[in-house]
Amino acid sequence: MPTFRPRTAAAALAALITTATVCAGDARARSFPFGPRTRSVNDLGNQFVPFHTRLRDLLHGHGDGGLFLNWSSGYGTSFLPDLGTYLTSPFALLVGVFPRDRIDLAVYVVTVVKMASAAAAMAFLLLTLRGGHWWMAGVLGGSYALCGWSVAEASYNPMWLDGLIALPLLCLAGEWARTGRRRMVAPLLVAVVWVANFYTAYMATLGAALVLVVRLLTESEKGAGRAKAAVRGLARAAGSVLLGIGLAAPVLIPVYLGTKHAYPGWDRAFRPAAWPDVLARLFPSTYGFFTPALFLSAVALLPACALVFQRGVPRRERWAWAGLVAGAGLSLQWGPTHLLWHAFATPNGSPYRQTFVLAGLVVIAAWISVSYGRPGPRALAGGGAVLVLVAAGAAFSDLATHRSYLLFAAGPVATAAALALPGRGRRAGLAAVLLTGVLVGQAAATTAFADRQRLAQLDHYAPWGERQRVQADAVARADGWPRYRTDPGGERTTANDPLLVGGQGAAYYSSHTPAVLTRTLAALGAGWTSRGRAVQSLDNPVTDAIFSVGARVHGPRDPHQRWNAPDDRPVTVVRQQVPPLVTVRQAGAAPSFGPSPFRNQEALLGSRVYTVPRTAAPEGERCPGRGSGRPHPPGGARYIPADRPLSGGQRGVPVDARGVRLGAGERSAGRRWAGRGPGDRAPGPAAGPPRSDGATWTNRGRRRAGRGHAAVRTRGNRAARGPRLSGPGPAGRGRDRTAAHRSDVRPRHRRRRPGRTAPRNPRNRRARRAPDRGLELPGAARRQLPGPGLRACPRPRHIRRLHVPSPRPAGRFDGRSGRAARAGRCGGVGCAGATTRRAAGPCTGGTGLTRPPPAAGPSTARSVGPACGRERRWGVRGARSVSHDRRWPWRRSSSRGRRSSGTVAARRRTAGRASSRWR
């Protein structure tokens, strides 16, 4: 007859409860693989699924490169840092069992297996720390694996789940060090968890050290031998950790070096969440990206809160474990300890990644409480009172809903009833069933709620389907590596399409994206997202020749993304003759990058291939008006007098559709009139000396007209009405539509003046026509400004920063709506390429200006099109694209440097209208 092993039975029960609960919650949310909703949100679809696809290809002997080099992404990058960050978990090898078109299912199975393993490890640890009912240890182990951090945060970051497994394993190694057992196994265990994922293993090591200290204080011998035993235990534990980390060094060193060379991420000061929101996250069915996911089922919360009132537990042990839990909870909200938990680096994204350690400490405290016997009525009443105080504090938060309160209230009641039953016989079985029901109900509801909230708040991507299969087949047919590269195209599905569908493209997204790669591709005009760590493909024949891209796949836009218009284009392959993969250039000075991506492309190519069109002001011409009138630098931006009356009564400079100034008597079907607004007749003083970056300062130094912007002034309090938007023909023909009378002019919010009432709605008639408010020209009026890089001569007083796009070729232009009639273009003047709002790529003509991506900034995505010089920004959800001039309208300062006083509702209405115009 087999011997009953309590620890094995508890581990199996915990794993079974965890697996069933996770699957039930996903099925309730109709998430993959139990429904039509994708679970590939954020980094799960952008990073983990593509990287696991590459691991599967390597296991089957496919893929370009090996463990050291990745020739598929970023035109060739190092693969060891990515391998050590994403793929060194032992569970990642399970993807080799699944077919390639079932990679999403493989990653889901890996995720569930990791969570079940964490539950089993915790149940095993609890019975190692102290004896008790095996079924209670199994339920508490399941509550640890089903904590809010696991189901809401780590479920779409599978590599973090290795830390969930590491915490009980490292606590077990610390227990061996305290008792002096298994001295050879402990370092190997430490090495395995650090190789699996060093980031969360570091946090788990700190948590295990705290558990070991409490165990040494409460379990050591009494008298003079206690200090010696504690010192010996700490020395053995430190030796095991150091030896294990040394064994993991071959994996950790490349990861460290890759981090040092990676493009800098988000660097900002830690801002703790509001305490009502923190308390509300203890409730089931709550979600908040920037708040700690503290949910734990009532089967763990109630015994942990009752620990202080449990008289059966020794006093030293009660207060030691209660103090440890309280201190760990407070450390989440303090800046220095926050940095300590995250290895002295501010996280990119969710700021509370160490929350699983607190969940493990609470579960251990709950086990200490019930292992000494059933909590009495006094202890249960005290624990219930603590939970009532938590609910009262969470009432000031908007995160908790009525359903959250119902689930939170029902859990302690059912748990208290189960704990009141005897621990033996049939009633013990009834108590086990009741506790399991509480855990499954609360955790499954939280899992389903988190699945739905992630889809609503985060970017998400379609799983492998027909689109990826067709694209992968086209890439495989055109692949000619290593004679030339095959780019899977700019109509991407994820940020790592080359890893997912094959090929050798520029697209690459990783925590170890090299800074030199991001800066080089940005200088050549490539778009980027994720604060510069996700570079995009370049659809340009010049860059294709530079990087030997001999075949490029074109296809329809991803229909899964809601901002993409319907697209029925077939998947095609464009081929061209390109130089070999490796070429040798003649000796000479190394090329240096300038502000123009087209000149940078020519510098790398070694030949001039772009022609700059003639402009309204030739090189060396002086800016009109009073002052020094210094000539403009050759090869830089050109200037035109936007406020000087010209001959013949004209109020502007006639230019054709390309931005070339027309001579006397010349006519063009695509002619536009670019000039000054009415009322600005007096010529102003010239600008100051030109700067090296092409920017000029006004004579008062208040505003800077940066590259790619124009300075348009207002005289006094009168708003500049901008250039005329008349139809073809000379001035005076057709109906004048100035920017001040357009329906889509966005007013600039200014501080309310004494005796005046600010309009509640920024789009009402008074805000549009009021002559005493500064008006910002919308994108339609900006596109009417002439010439490639042309700027109005700066004037003193009030300066408006306006975007100056490149000239567009002749074509139909809807002057009323201010949008280009050509479908599939970015809408900017001069954009003749396949630039879309999803990802801006190089155009075939004109000149443009780009800016390198900043080293740090808000969580927005940018994509800069070199030809039109415009920046595209998407919010966190990425549902709409909005084109603005560097800053949002409500965050612009007024003409005198004062902040806006618009209400929050007005700001939201303004943002919504701006988004709808560019949908």
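**Close-up 1. Arg469 pairs up with Asp473 in helix 20.**
At 38% relative accessibility, Arg469 counts as partly exposed, a label for anything between buried (under 20% relative accessible area) and exposed (over 50%), using a 1.4 Å probe and protein chains only. Side chains of opposite charge can pair when their charged atoms come close. Arg469 and Asp473 sit 4 residues apart, about one turn of the helix. Helices (H or I, at least four residues) and strands (E, at least two) are DSSP runs, numbered from the N terminus.

A quick note on what you're looking at: this is a predicted model, where local features need pLDDT of at least 70 and side-chain atom pairs count only at pLDDT 80 or more, while totals for chains, interfaces and linings use all residues. Residues are numbered from 1 along each chain as its sequence is written, and side-chain values use heavy atoms, with hydrogens and water left out.

**Close-up 2. Asp567 forms salt bridges with Arg557 and Arg569.**
For Asp567 and Arg557, the closest N and O atoms are 3.8 Å apart. Both residues lie in the loop between strand 9 (549-554) and strand 10 (572-575), so the pair ties together parts that are 10 residues apart in sequence. Arg557 is buried at 17%. With Arg569, the closest N and O atoms of the bridge are 2.7 Å apart, and Arg569 is partly exposed at 37%. Elsewhere, salt bridges that share partners join Glu175, Arg178, Arg215 and Glu219 into one network. The structure holds 18 salt bridges.

**Close-up 3. Thr486 is tucked away in strand 5.**
Thr486 has a relative accessible area of 0%, so it counts as buried. A polar atom of its side chain lies 3.3 Å from the backbone oxygen of Ala478. Leaving aside residues up to four places away in sequence, Thr486 touches several others, including Val475, Gly503, Gln504 and Ala551; touching here means heavy atoms within 4.5 Å.

**Close-up 4. Two prolines follow cis peptide bonds.**
Pro33 is in the loop between helix 1 (6-28) and strand 1 (40-41). The other joins Trp481 and Pro482, with omega about 10°, and Pro482 is in the loop between helix 20 (466-478) and strand 5 (485-487).

Terms used. A polar contact is a pair of N or O atoms within 3.5 Å; within protein, one must be able to donate a hydrogen and the other to accept it, and residues adjacent in sequence count only if both atoms are side-chain atoms. A salt bridge is a side-chain nitrogen of Lys or Arg within 4 Å of a carboxyl oxygen of Asp or Glu.
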